[in-house]
Amino acid sequence: MNPPLAPVRVALLGHGTVGGSLRRLLHEHRDHVRLATGRDVEICAVLVRDPERHRLEVGEALAPLVTESLDVVLESRPDVVCEAMGGLEPTRGHLLRVLGAGIPVVTANKQLVARHGTELFARAAEAGAQLRFEASVCGAVPIVRMLRESLAATRIERLLGILNGTTNYMLSKMEATGAAYDDALAEAQELGYAEPDPTEDVEGLDAAAKLAILAGIAFGTTVDIDNVRATGISGVRAADVAHAAELGYRIRLIGRAERLTAADDTTSVLLDVTPMLVPIAHPLATIVGATNAVLVDGDPFGRLVVQGAGAGGPETASALAGDLVSVMGSEPSFLTTDPHVATLPIAPADARRDRHFVRMQVVDQPGVLATVAGALAARDISIERVLQQRADDGHATLVLTTHPCTPGALSAALAGVASTDRSVLPMLELA
Ligand code: NAP
Ligand code: HSE
């Protein structure tokens, strides 16, 4: 009989919501990991800002080493490093050193992968060390593996996703209970879904980083996160949620990446993150709470939809642990190579024509509706539906939906309309 394999030594960078959950998960599910890999996992070091605070942990032994020094972590001779500390610096510098030392890395850090993936992959390839990042996108949902491995021999045309748990939690809470925006955000923070700076969630930057990562793999291209047009949910009002429901829609923060092939056969990628009206029968309209979902269309598989917990410590830790198991089972691996082989141009916003929802307060007097219709007609924008609700103060709420038009034409048309409290949201098609 072969002697048992030595335990895999794992160092954790970060021991907060996700890192702390990973340590507990690897302890509680150690039998499953041994069954899957034939090896035990041993936490050899934990990097934090404030080691004193973490020595106070109760329960099973924390780790032999809790330190604020990466040198001390590297001296503990880890076989794999799991990064859940977040932020760009010093995390980037730490991971370049770890990969440079030939140590595989698994990370939950979407901003880092989206902004510095090229540099990190180059270092990983030089040193022959794996860099895995499943936990950086959609928490527990194995979407990175699906795109990078399961669908590797296919052509992906379009990817649509609910990529941020915090905002989906907030929008579904606002819709179901009429909760105010600030209360819904406070709850999402309390539940550990939000980023340390929740602006990243509510302004769409977290979803933009995830979309950049997914689009990069789906289309084999380098996507500069600054080229993802991101609009968050901070402008969405309870009135938008209510009127959308009246029309048979739900509002969701949607990330969209689409391959565009021009008449001369050149390809570009359309990318945006924006709150959209989603028809109630669409698979993405049914996604509630901190759940994430990704819909992928391509050839020859047709359509795939995956969904699951998109945020939260234990949920995200399960994705880190999955990557850890994959590293243990695949040395050497092609995952030291950068999946981004081309640089496809990003298409301008006006390359897309969507139907739009418009809600605005107008003065309730003769001719106002005609002015709005005239301004839209002047830009060749056709109205699909109109609802008007009178208020007692001499104003009216005007809600209309348009036939497909570019965002540029709509914004130019509305510039000439006198109104207040205006929301303009694109609408997702059912197909
Ligand atoms: P967190 O609770 O704030 O934990 C961060 C941990 O990293 C803490 O232990 C902190 O040390 C440590 N740390 C931060 N900066 C450090 C530095 N400069 N040097 C040493 N240690 C440092 O954050 P989190 O929610 O777990 O998120 C961590 C990462 O996971 C982020 O990249 C986030 O985007 C990603 N993520 C989070 C979720 C989620 O649902 N929370 C889901 C998916 C991905 P101290 O404890 O001493 O402060
Ligand atoms: N803050 C992120 C979210 C965590 O709400 O989706 C998961 O990446």
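Author: Happy to! First, a word on names: helices (H or I, at least four residues) and strands (E, at least two) are DSSP runs, numbered from the N terminus. Please also keep in mind that this is a predicted model.

Let us begin with the overall layout. The protein chain is divided into domain 1 (8-132), domain 2 (143-309) and domain 3 (353-427). Between the centres of domain 1 and domain 3, taken over C-alpha atoms, there are 52 Å.

Now to ligand 1. Where does ligand 1 lie relative to domain 1 and domain 2? Both domain 1 (8-132) and domain 2 (143-309) give residues to the shell around ligand 1, so ligand 1 lies between them. That shell holds 25 residues, and the closest of them are His15, Arg53, His54, Glu195 and Gly312. Sorted by class, there are ten nonpolar, ten polar and five charged residues around ligand 1.

Some backbone atoms come within polar contact of ligand 1. For Arg49, a backbone N or O atom is 3.0 Å from an oxygen atom of ligand 1. A polar backbone atom of Asp50 lies 2.9 Å from an oxygen atom of ligand 1. Ligand 1 sits in the largest pocket. The elements that give two or more residues to its shell are α1 (17-28) and α3 (51-55).

Around ligand 2 you will find Lys110, Asn164, Gly165, Thr166, Tyr193, Ala194, Glu195, Asp201, Asp206, Lys210, Gly310 and Ala311. By class, the shell of ligand 2 is made of three nonpolar, four polar and five charged residues. At least two residues of this shell come from each of α8 (165-177) and α11 (205-218).

The polar contacts of ligand 2 involve side chains and backbone. An N or O atom in the side chain of Asp201 is 2.7 Å from a nitrogen atom of ligand 2. Asn164 has a polar side-chain atom 3.4 Å from an oxygen atom of ligand 2, while a polar backbone atom of Gly165 is 2.7 Å from an oxygen atom of ligand 2. Taken alone, ligand 2 exposes 260 Å², of which the protein buries 94%.

Finally, the backbone. Most residues other than glycine have a negative phi, and most peptide bonds are trans. With that in mind, look at Pro90, in the loop between β4 (80-83) and α5 (91-100). A cis peptide bond joins Glu89 to Pro90, with omega about 10°. Another cis peptide bond runs from Asp299 to Pro300, where omega is near 5°; Pro300 lies in the loop between β11 (291-299) and β12 (302-309). Arg77 is a residue other than glycine with a positive phi, near 55°, and you can find Arg77 in the loop between α4 (70-75) and β4.

Key. Residues are numbered from 1 along each chain as its sequence is written. Chains are lettered from A and ligands numbered from 1 in the order in which they are written. This is a predicted model: local features need pLDDT of at least 70, side-chain atom pairs count only at pLDDT 80 or more; totals for chains, interfaces and linings use all residues. Side-chain values use heavy atoms; hydrogens and water are left out. A residue is near a molecule or strand if one of its heavy atoms lies within 4 Å of it. A polar contact is a pair of N or O atoms within 3.5 Å; within protein, one must be able to donate a hydrogen and the other to accept it, and residues adjacent in sequence count only if both atoms are side-chain atoms. On a 1 Å grid over the protein atoms alone, a cavity is a set of points where a 1.4 Å probe fits but cannot get out, and a pocket is an open set with protein on both sides within 12 Å along at least five of seven lines; lining residues have an atom within 4 Å of a point. A molecule sits in a cavity or pocket if more than half of its atoms lie within 2 Å of its grid points. Ala, Val, Leu, Ile, Met, Phe, Trp, Tyr, Cys and Pro count as nonpolar, Asp, Glu, Lys and Arg as charged, and the others, Gly among them, as polar. Domain bounds come from an automatic or database domain assignment. Accessible areas come from the Shrake-Rupley method with a 1.4 Å probe; for residues, only the protein chains shown count as cover.
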